[in-house]
Every structure is written in structure tokens, then in C-alpha cells.
Amino acid sequence: MTKPGKDVKFRHRGSASSAKGRRLSTSMSDVSENPSEPSRSPTRIEELVKATEVEPANQSEYEKKKANFVTRTIWTLVMIAFFFFCMFAGHIYIIMVVTAVQIISFKEVIAIANVPSKARSLRFTKSLNWYFLGSFMYFVYGESVIYYFKHILLVDRVLLPLATHHRFISFMLYIIGFVFFVSSLQKGHYKFQFTQFAWTHMALFLIVGQAHFVINNIFEGMIWFFLPVAMVITNDIWAYICGITFGRTPLIKISPKKTWEGFLGAWFFTIIFGIGFSNIMSRYKYFICPVNDLGANIWTGLECKPNPVFIPKQYSLPVPLPDGVNLPTTFSIAPMQFHVFALATFASLIAPFGGFFASGLKRTFKIKDFGDSIPGHGGMTDRMDCQFIMGSIAFMYYQSFIAVYKTSVGGIIEAAITGLTAEEQMEVVKILSRHLVNQEVIPSKVLEYLDGQLKRR
């Protein structure tokens, strides 16, 4: 019997070199040819398959994230460019954008509780949702237009009845929808129908109602619309940066990624941004003047007497400085800067709760986004959840602490038309004409003509 040579080495299966050399040579033929061997090879094959698939899977995930990032970036730049174009083109274009945003958001929100199979079996389910939206928009938009342009509407023969009876017309439109809803109730579908009814009204309150305040901000001056919007975006960006940089303490359970450090850092930077940005916008009347011409744009501009908050005032320190401290005791600053501090605080403390509310809503219905209206960003509601509540806060704050209330031409016309008879209105016109004749603004023949008209009546 021959002995193996000393220098001959047998390759063992467990050795690393053997495993490496035989990794790809192990095939199904090894299993079929040796059925008595334990089931080791299939396991090895599964491991081999997984090993070869790990790298492409990771690569595919990376490519997916990369494509999503590119899409998100492109659409972000497109939305920013479109927004600035509309803002500079005129107030009417921004109003159209806000209107489109609220319609898309309303569609996304009511779709959450919608059950397509039940909606198809019931007539007029979707039609009623859109009818209530149209009726509510007619009411809130009509209120705004009448308030800001009553001096135009109340002297027009066609628009006068619509303006005078606007609230009654809006109420009757709602009553028609209510009666139609009750008439459409079907046995076996009560719960679904009333759920849709309640869900629609919630969407109208949270979206259309708040968007109405945003549009009022536009009418009061572009700065009261653009500054709150920019503050929310700035706060969101800095909350993310500060949170990932030194965030440690959780802020709220419903959004675990939010931290106190991110919140405080975002608040500080939002104040700095608001002070600098409002200082720039305050220099241009196009941004600070209320809308008196819907055809105005950044090139034509607007003319008005600026609100006192934009005019710098002298302030003195409430207490004297210690001796030896050579610092000025008086300084000049526009009151707007103090209001910026309050608005920045709202944008940092209150507005994020609109996002928390939306997050809770999505968790309730187990959805990632409200929709896919904006590629790479999700739904319109995902982007505007904080903006709606911030617009409402800005409007309430403006009306309470900033707005200047004085007699306007529209207010005088409204009082003269709605509170006086035709004869009394003619008497008012005669008195005004006499005043203008005495000021040599109009000829005396106008007064003679009015006297003749009064005698005929």
C-alpha cells in the first residue's frame, strides 16, 4: 500500500481557500448526485443567492433615493420660481394660486375618508362635496371682495343686489345642499354618508376657512402674506438643521424627530430672518400698500399712505445706563420690528402644530402622504399644513394690533345706500355737491341740475 507523499496536502471542505474556490462551483448537481448527504447544499445555495442579490438591492435603494432627491429638488425650484413670478405679476395671480392650493388640499383631505366602492353605489356623494366647497368659497370670497371693494360693487346696478344680499344668498345655497343631502340618505349607508358630511365640513373649516384669511392678508398688503409664509419655511429649514446638529431632547411624542434644541434654534434664526426681510420689504410700497388696484404689479407699483408701523420712531431706554458706559440711550426703529418678533414666535411655536395635526391624521389612517400632487413632495396638504394656520394667526394679529381703522369711501357709500331712502340719498348728494361747488371743484350747473331733479320727485 502506497503512502501519500509528505508534501501532498488534502483540501478540506471547511478551509477558507476551499470555500472560496468552491463557492461558485457548488451547484444543484452536487445535491442530486449525493442524496444521502445532509441538506447543506440548498442552504449554501440560498446564501449564495442572497449574497449576490444584496449588492444590487442596495444599489437599487440608493438609485431610488437619488432619483427621489433629484425630482424633489427640481420641483422645489419650479415651485419657488412660479411663486415669485406670481407674486411679482400681481395680487390677482397670488390669489389664484391660493385658490388652487385650497381646492387641491380639499380634494386630498376628503379623499382620506372616502370609500370608492360605497361612493360608486351612492349617487351625488362627490357632487355634494364639491357643491359645499363651491357654496362656502362663494360666501368667504364674497365677504372679502365686498369688504375691500364695496366702493365699486355698491355703485353697480348689477352687482348691488348681490353685494347687499350676499349673506342671505350664501345661506340659501347651503340650505339647498343640506336639504339635498338629507333627501339622498339611503338605508344601509347612513354611517358612510354622515361620515362624508362631517368630513367635508371639517375640511371646509380647516382648509377653506383658513385660506380665506390668507387671501385677506393679500388684500391688506403683500407683506402680510409673504412674510408669514417665508417665516414658516425658514423655521422649518432651521429646525431641521439645528435638530440634526445638536438635537437631543424630544419635543412632542407624535413627531419623535422634533427636538427642543431644534425648536429654540429655529426660533432664534426665524427672528433674525424676519427682522432683515421685513426691513427690505418695508422699503417698497408694492409690498406694504393695501390692494386698491387688482391690475397692479411690481413694475407699476401701488400708492398709499404707509401704515405707521413701517415708519421709524425714536425710543429711549427705560432706565439710565451706569456711569462710564458710553452707549446710546436712544435709538430709531420701526414698530414693525417688534411685531416681527411676535410673528416669528407664532411661526416657531404655533404653526408647527398644524404639521403635528396633519401627522396625527396620517397616522390615524395609516398613510404616508395626503396625495401625490407634487412629485417628490407628496400631496399639497403635506406642504401647506403649517401655512394655513400661520395665515390665520397673521390675519388675527394684524387686525388686532396693526390695522388702522378709519372712515373710508366704501364705508360712507355703504352707510348711504343701505341706511337711507332714495330721497335722503339725493339730499346727501346735493349737500356734497354744494360743498364741491363752494370749493370750486365742480361747476354750479351741477347743483342747479340736482335741484331740478329733486323738485320733479
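Contact, throughout this tour, means heavy atoms within 4.5 Å. The model is predicted, so local features need pLDDT of at least 70 and side-chain atom pairs count only at pLDDT 80 or more, while totals for chains, interfaces and linings use all residues. Residues are numbered from 1 along each chain as its sequence is written, and side-chain values use heavy atoms, with hydrogens and water left out.

**Stop 1: the annotated spans**

Select residues 74–94, 128–148, 168–185, 197–215, 221–241, 262–281 and 338–358, which an unreviewed UniProt entry records as "transmembrane region". UniProt positions follow the numbering used here, feature names are shortened, and annotations may be inferred rather than shown by experiment.

In residues 221–241, the end C-alpha atoms are 31 Å apart, and the span is 95% helix and 0% strand. Helices (H or I, at least four residues) and strands (E, at least two) are DSSP runs, numbered from the N terminus.

**Stop 2**

Two packed helices are described by the angle between their axes and the distance between the axes. Axes are lines fitted to C-alpha atoms, for helices over the stretch in contact, and angles run from 0 to 180 degrees between N-to-C directions.

Select helix α9 (residues 190–220) and helix α15 (residues 380–402); they pack at about 50°, with axes 8 Å apart. The two helices, α9 and α15, are therefore oblique to each other. Angles under 35 degrees count as roughly parallel, over 145 as roughly antiparallel, 65 to 115 as roughly perpendicular and the rest as oblique.

Now display the side chains: among the α9 residues that meet α15 are Leu206, Phe213 and Glu220, and the α15 residues include Phe388, Phe395 and Gln399. By class, this contact of α9 with α15 has eleven nonpolar, six polar and one charged residues. Here Ala, Val, Leu, Ile, Met, Phe, Trp, Tyr, Cys and Pro count as nonpolar, Asp, Glu, Lys and Arg as charged, and the others, Gly among them, as polar.

**Stop 3: α8 against α9**

Tyr174, Phe178 and Phe181 of α8 make the contact with Gln193, Phe194, Phe197 and His201 of α9. These residues of α8 and α9 divide into five nonpolar, two polar and no charged.

**Stop 4: α13 against α15**

Return to α15 and select helix α13 (residues 336–349), which packs against α15 at about 155° with axes 10 Å apart. Therefore α13 and α15 are roughly antiparallel to each other. His339, Ala342, Leu343, Phe346 and Ala347 in α13 meet residues of α15 including Met390, Tyr397 and Ile402. The contact of α13 with α15 has ten nonpolar, one polar and no charged residues.

**Stop 5: the disulfide**

Which cysteine is joined to cysteine 289 by a disulfide? Select cysteine 304: its sulfur is 2.0 Å from that of cysteine 289, and a disulfide is a pair of cysteine sulfur atoms within 2.5 Å. The torsion about the S-S bond of cysteine 289 and cysteine 304 is about -85°, so the disulfide is left-handed.
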